[in-house]
Amino acid sequence: MNERANIKFMPYTAEISRGNPSCFVFLIDQSGSMGDVFGAGEGNQKKADGVAGAINRLLQNLVIKCAKEEGIRDYFHVGVIGYGAQVGPAFSGALVGRQLVPISEAGNSPARVDQRNKKVSDGAGGLVDQSVRFPVWFEPVANGGTPMCQALGQARSVVEGWLAQHPNCFPPIVINITDGEATDGAPTGPADEVRKLKSSDGDVLLFNIHLSSQRAGAVEYPSNETGLPDQFAQQLFRMSSVLPEYMLNIARNEGMSVSEGSRGFVFNADMVAVIKFLDIGTRPSALR
Amino acid sequence: MDAYLKAFWLPKEGSTKSEYEDAFFPRSSRSYPLAKRPRFAIADGATEASYSRLWARLLVSGFVRRRLGLPPAVGELEPIQRRWRSKVGGRPLPWFAEEALANGAFAALLGLEFSEERGATSTVKTWRATAAGDCCLIQVRSNDIINTFPFDDSTAFGSRPDLLGSLPAPNGHDNDMVKTFQGTCGFEDTFFLMSDALACWFFKEREAGNQPWNTLRDLDTQGEVSFHEFVTGLRNSKAMKNDDVTLLRIDIA
């Protein structure tokens, strides 16, 4: 056996660069049930607000990760598929109808930019309000059924097209944000088809964010379904990819509670941490 | 005695020269008398931050021009941080640039100073170094490594090092992560100052029983491989990660 054959294949090590970009596809549940209140909190936020907030924060963090002084570097291309009364590309404004757009185009074309207050350190142990701009790409939508199977099918088709052009990329990541109740069949089969796709660097990753009306506490990256509050959470857990070893290491370094077998699944929680899992170069330990 | 500096640098493959975010100082490859206590520095600006290149440049010039002590004292970074803010602020920015700027820039810094003290009967030559982050110093005498700083093996490198920030640390202790080291300096010693990708390769080679210092000593000398060819070869064979690469080779003679 020659020396090269002895080298163990290490998946999820491909460089993410402008010359070899990766892609994200987000699936956002816009069905009528998203008009219900979600979570164990005391507030009356609707699930549709939660979905819009989750996708806007994910895109915001992804854009900032790629932002340099000269602009946004296209380390990623992103697509957003909405599913409810219709299934299809969900960007509005300048990006309407586009399946995948370079992250620079997404960053430069939010539907609007809000002004919000954020608590920041005053440098003397206290907190002060700081006005920050918050980009909004997606408004809350709650209308129609939950054709999750169709949405997963479209995601598969988009990712297949991407992989044909970028066979050696860091594996694409598909993130599905939903309340979990598909109305067009069992989504486990279409989810398997997404996870079977691969680049030369490893299998496509499918993660799920479950925003539920169940008054149950948040669960992040569980390694088994014991303790998940209902059958929909359990089904979404089973549909989710196991976190690759290198993501587990980063998550542990970030102080997150993960273990061998942890899956890319969260219940009534956000998944912004996944953006930190991606390596585009040196990330200072002090950057949160 | 003199320190002869030869500097090598190359941006990440796929990046332009203007996107090179390492920095080094002084810029001139020439000799520097030890009696004048010459200083040398390299820095590595973080990819995931804006204006890291500027921050890395301000740090190396600040160290070599003695605006930073060895090690930097509490408060000594402040004037350099103010300089960074004055250069990047004051103009309207898109939302993402404003947010990235609010996080500050970050860089690893490695600084080295030589000195030569003449006594009644002998001359003592010493060096001191200070480091934050993952740029490394290797001291080679004859055919042996006699000192490494701050890392000693390839497992110490990760993609999330402790770096110096361009914004004041919340606890006011910007220099908490700074390490220092010192040693004596011999005739014909060679010092290598390297940014992380090259340093990690160097340690892996040493761990494999090889003598990577010989390769670095020969770079760009008569009939030998150029730095550009050397780095490109390592990147192509995946022996070195694709990153900005900087090497300062300092020969004492």
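Let's start with one residue: B:L248 sits in strand β12 of chain B. Keep in mind as you look around that this is a predicted model. Is B:L248 buried or exposed? B:L248 counts as buried because 25 C-beta neighbours lie inside 10 Å, and the cut-off for calling a residue buried is 20 or more.

Who are the neighbours? Setting aside residues within four places in sequence, B:L248 is in contact with B:L5, B:A7, B:F24, B:F40, B:I42 and B:L193. Then there's B:P26, which is 222 residues away from B:L248 in sequence, yet the two are 9.9 Å apart in space, C-alpha to C-alpha.

## The sheet around it

Strand β12 of chain B belongs to an open sheet of 6 strands. Reading across, the order is β3-β1-β12-β11-β7-β8, and the pairing is antiparallel. Which strands form the edges? Those are β3 (31-33) and β8 (144-149) of chain B, each of which pairs on one side only. Going from one strand to the next, the twist averages 20°.

Now zoom in on one pair in that sheet. In chain B, strand β1 (residues 2-10) runs antiparallel to strand β12 (residues 245-252), and the two pair over 8 bridges. If you'd like a spot to look for, find B:Y4: its bridge partner in β12(B) is B:D251.

Next up is a pair of helices in chain B: α1 (residues 52-64) and α2 (residues 78-88). Their axes come within 10 Å and cross at roughly 145°. The crossing of α1(B) and α2(B) is right-handed.

What do the helices bring to the meeting? From α1(B) come B:L54, B:W55, B:L58, B:L59 and B:G62.

## Chain B as a whole

Stepping back, chain B has 6 helices and 12 strands. Its C-alpha atoms fill a box of roughly 60 × 50 × 30 Å along the principal axes. How does its radius of gyration fit with that of a compact globule? For 253 residues, such a globule would be near 18 Å, and chain B has 18 Å, so the two agree.

Buried residues make up 45% of the 253 residues in chain B, and B:L248 from the opening is one of the buried ones.

## Where the two chains touch

The contact between the chains takes 28 residues from chain A and 24 residues from chain B. Which elements of chain A supply at least two residues each to the side that touches chain B? They are α2 (47-66), β2 (67-68), β7 (112-121) and β8 (127-136). By class, the residues on that side of chain A divide into 11 nonpolar, 9 polar and 8 charged.

## A buried aspartate in chain A

One last stop: A:D279, in the segment after α8 (273-276) of chain A. Why does A:D279 count as buried? A:D279 has 21 other C-beta atoms within 10 Å, and 20 or more is enough for that label. A:D279 and A:Y246 are 33 residues apart in sequence, and 10.0 Å apart in space, C-alpha to C-alpha.

Conventions. Residues are numbered from 1 along each chain as its sequence is written. Chains are lettered from A and ligands numbered from 1 in the order in which they are written. This is a predicted model: local features need pLDDT of at least 70, side-chain atom pairs count only at pLDDT 80 or more; totals for chains, interfaces and linings use all residues. Two residues are in contact if their C-beta atoms, placed from the backbone, lie within 7 Å. Helices (H or I, at least four residues) and strands (E, at least two) are DSSP runs, numbered from the N terminus. Ala, Val, Leu, Ile, Met, Phe, Trp, Tyr, Cys and Pro count as nonpolar, Asp, Glu, Lys and Arg as charged, and the others, Gly among them, as polar. Two strands pair if DSSP finds at least two bridges between them. Axes are lines fitted to C-alpha atoms, for helices over the stretch in contact, and angles run from 0 to 180 degrees between N-to-C directions. A residue is buried if 20 or more other C-beta atoms lie within 10 Å of its own, exposed if 12 or fewer, and partly exposed in between; C-beta atoms are placed from the backbone. A crossing is left-handed if the near helix is turned anticlockwise from the far one by less than a right angle, and right-handed if clockwise. The radius of gyration is taken over C-alpha atoms; the globule rule is 2.2 Å times the number of residues to the power 0.38.
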